[in-house]
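Reader: Hi! Could we go through the surface of this one together?
Author: Happy to, ask away.

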Amino acid sequence: MTRDEITAEIVAARLLKGLTWQELADAIDKPVVWTVAALLGQHPVPAECGKVIVDMLGLDESAIPILAAVPMRGGLPTAVPTDPTIYRFYEALQVYGGAVKELIHEQFGDGIMSAINFSLDVQRKPHPAGDRVVVTFDGKFLPYDWTAAEN
């Protein structure tokens, strides 16, 4: 069984059983965004957590070591995402990415925001004109170390 096949089984079983992503995250005591990303194939799932997920969803136990393996991260099926929700993030980064980069360099210096030492949160915020989606990226600043390149 491949990781992609297990992911498809997870998505189908979750819907069939009427479970929310939050319920799965609570069952393994992990943040919901991390849990969803992991179960969609972006993070290795510790074996003890994999066992809980497999039991909750009624999957074959042979999925546990595959869930625990380090995955091939990233990648979308197309260069420009076609799913409207994902495309809006792509669009927002096209419009605001340069500004965000400039502000990071101005406020922190020459470096990047880590996507490894990182957390992500999605919240709903009531608003009179329609509820708002609040997405928080929280990554450690990693300065470039050009002196290391000299050695």
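Reader: Which element gives the largest share of the nonpolar patch?
Author: That is β1, with 3 residues. Before we go on, this is a predicted model, where local features need pLDDT of at least 70, side-chain atom pairs count only at pLDDT 80 or more, and totals for chains, interfaces and linings use all residues. Residues are numbered from 1 along each chain as its sequence is written, and side-chain values use heavy atoms, leaving out hydrogens and water.

Reader: Thanks! Which residues form that nonpolar patch?
Author: Phe89, Met113, Leu120, Val122, Val133 and Phe137, together with about 550 Å² of accessible area (Shrake-Rupley method, 1.4 Å probe, only the protein chains shown count as cover). Patch members have over 30% relative accessible area and no salt bridge, with nonpolar side chains (Val, Leu, Ile, Met, Phe, Trp, Tyr) joined within 5 Å and like charges within 9 Å. A salt bridge means a side-chain nitrogen of Lys or Arg within 4 Å of a carboxyl oxygen of Asp or Glu.

Reader: And where is Phe137?
Author: Phe137 sits in strand β2 (strands are DSSP runs of E, at least two residues; helices are H or I, at least four; numbering starts at the N terminus). Phe137 counts as partly exposed because its relative accessibility is 48%, between buried (under 20%) and exposed (over 50%), with a 1.4 Å probe and protein chains only.

Reader: New topic: what does the UniProt "active site" annotation cover?
Author: In the unreviewed UniProt entry, that annotation covers Arg88, Glu91 and Ser114. Such annotations may be inferred rather than shown by experiment; positions use the numbering here and feature names are shortened. Arg88 lies in helix α6, residues 84-108.
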